[in-house]
Amino acid sequence: MTSNPLNPSNGDENPKDPLAEMLQNLMGGKGMGDIDPSELAKAAGLPDDPNLLAQMFSQVQAMMSAPSEGPVNWKLAHDNARRVAASSTDPSVTAAQSREVDEALRLAELWLDQVTDLPATGLIGKAWSRAEWVEETLGTWKRLTEPVANSVANALSTAMTEQMPEEMKSMMGGASSMLQNIGGAIFGMQLGQAIGALSAEVVSSTDIGVPLADLEMALLPGNVAKFGEGLSLPENDIRLFLAVREAAHARLFVQVPWLRGHLLGAIEAYARGIHIDTSRIEELARDLDPSNPEGIQEALSQGVFMPKRTPAQEQALQKLETALALVEGWVDELTAAATEKVLPSAAALRETVRRRRATGGPAEHAFASLVGLELRPRRLREAATLWASLKQERGIEGRDAIWKHPDLLPTAEDLDDPKGFSERRQLAEASDSEVDDALVKLLDGGFDAPEAGTEPGTEGGTKDDDGTKKDDGGQ
């Protein structure tokens, strides 16, 4: 009898469905079979710790049989983020640490009062563990990543379903719902891994330049201590410098109410426009040999699920990066002004933070690879120079007045030429003024009034007896 490549006999009289067998090996009672979990995890961007992987795949087995509320399994993302955050040392915040953070943020607010026209927030400073940071920020992460997450999950499940032969669909039977959940589960696991890893790098609630927790002002004492390792600087100086940065971020986002929505909206718009290369996913679903674990590993390592940017997305990303740079540049400039006379190590810490924000940490790079979005202010130095120039020209009040409306914000061109910002703005404001004057004249009926020295309706000409107009020199 001729062997069917889709139904190998495996030495048994009853042929087995290879896809069902693969899913059973991955999610069922047989465990992982011939697939090496550590190699599969490495290819998929998951942790290589055997115990952590075993827990994750055990959870996936349970999640696969339960319907998800949407294309992405957010519960799995949450649980995995908490697990990764707790995989390294993450002790609860002590009373002494809470007191130190509260005092540092209170002092930071007083220092900032001297260098900005924006009033203090009145927020109570908090000290968070990594797990608490995950809990406080996951809702915003969901908002930022859901558009691209849904695209990835839907593209994967659709491609797998469409490429599956009809006879195999019937053999899958009740497993079809499990198949539909695979894409959401894979993405949820990877997203949770990225967020959990990021919790070990951030030092505050706004460390990546985006207000992940609304109306909060917090530091992570464990990560602040990690940040200071190898700097040979007083621990109190480091805490105070980072507290000033956090308080400056919080003051900006609280006192400029439209800014948080502006930034998050820009990120959401960018994410919604991310193009998922479904042809690559379809090719994987069509050509993948379920009985070949090495082929699965190779396909995953090629980044088949990684979003690709279109030219329009590149333009959107440039606008987003400009907005992020303006926020970071303002915070950088204010922090320097507030600490230069009170912290001997301020200049060294400023340069350290600048380099850290410009390059990003490993977890930030992993997140960027997963969702195709980088949150690094590449033009932080240019933005700081622009804000310093505006302070010199307009003073503190005039500089901070730029935040009154999004239309007033500098552009990428202004970052290229900070000195020419005021001149370009004057030209734009003059043009707007002309339009406003014309609009007022129109609304007041000014365009209907005759010019001096002319009769109504003639506009410098005369009328015949029948009312038709002719030029003064007409025949």
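## Salt bridges

The side chains of Lys75 and Asp79 form a salt bridge at 2.9 Å, N to O; the term denotes a side-chain nitrogen of Lys or Arg within 4 Å of a carboxyl oxygen of Asp or Glu. Because Lys75 and Asp79 are four residues apart in helix 4 (residues 74-87), about one helical turn separates them. Helices here are DSSP runs of H or I with at least four residues, numbered from the N terminus. Over the whole structure, 20 salt bridges are found.

## Basis of the model

This is a predicted model, in which local features need pLDDT of at least 70 and side-chain atom pairs count only at pLDDT 80 or more, while totals for chains, interfaces and linings use all residues. Residues are numbered from 1 along each chain as its sequence is written, and side-chain values use heavy atoms, with hydrogens and water left out.

## Cavities

The structure has two cavities of 30 Å³ or more. A cavity is a set of points, on a 1 Å grid over the protein atoms alone, where a 1.4 Å probe fits but cannot get out; lining residues have an atom within 4 Å of a point. A volume is the space filled by probe spheres set on the points.

The largest cavity holds about 70 Å³, and its lining includes Leu123, Pro211, Phe253 and Val254. That lining has seven nonpolar, two polar and two charged residues. Ala, Val, Leu, Ile, Met, Phe, Trp, Tyr, Cys and Pro count as nonpolar, Asp, Glu, Lys and Arg as charged, and the others, Gly among them, as polar. The second largest cavity holds about 60 Å³. Helix 10 (residues 235-255) gives the most to its lining, with four residues; the classes are two nonpolar, three polar and four charged.

## Helices 15 and 17

Helix 15 (residues 346-359) packs against helix 17 (residues 380-400) at about 130°, with axes 10 Å apart. Helix 15 is therefore oblique to helix 17. Arg350, Glu351, Arg354, Arg355 and Arg357 of helix 15 make the contact with Leu380, Arg381 and Ala384 of helix 17, where contact means heavy atoms within 4.5 Å.

Notes: Axes fitted to C-alpha atoms, helices over the stretch in contact; angles between N-to-C directions. Helix = DSSP H or I, 4+ residues; strand = E, 2+ residues; numbered from the N terminus. Parallel < 35°, antiparallel > 145°, perpendicular 65-115°, else oblique. 1 Å grid on protein atoms, 1.4 Å probe; cavity = no way out; pocket = protein on both sides within 12 Å on 5 of 7 lines; lining within 4 Å.
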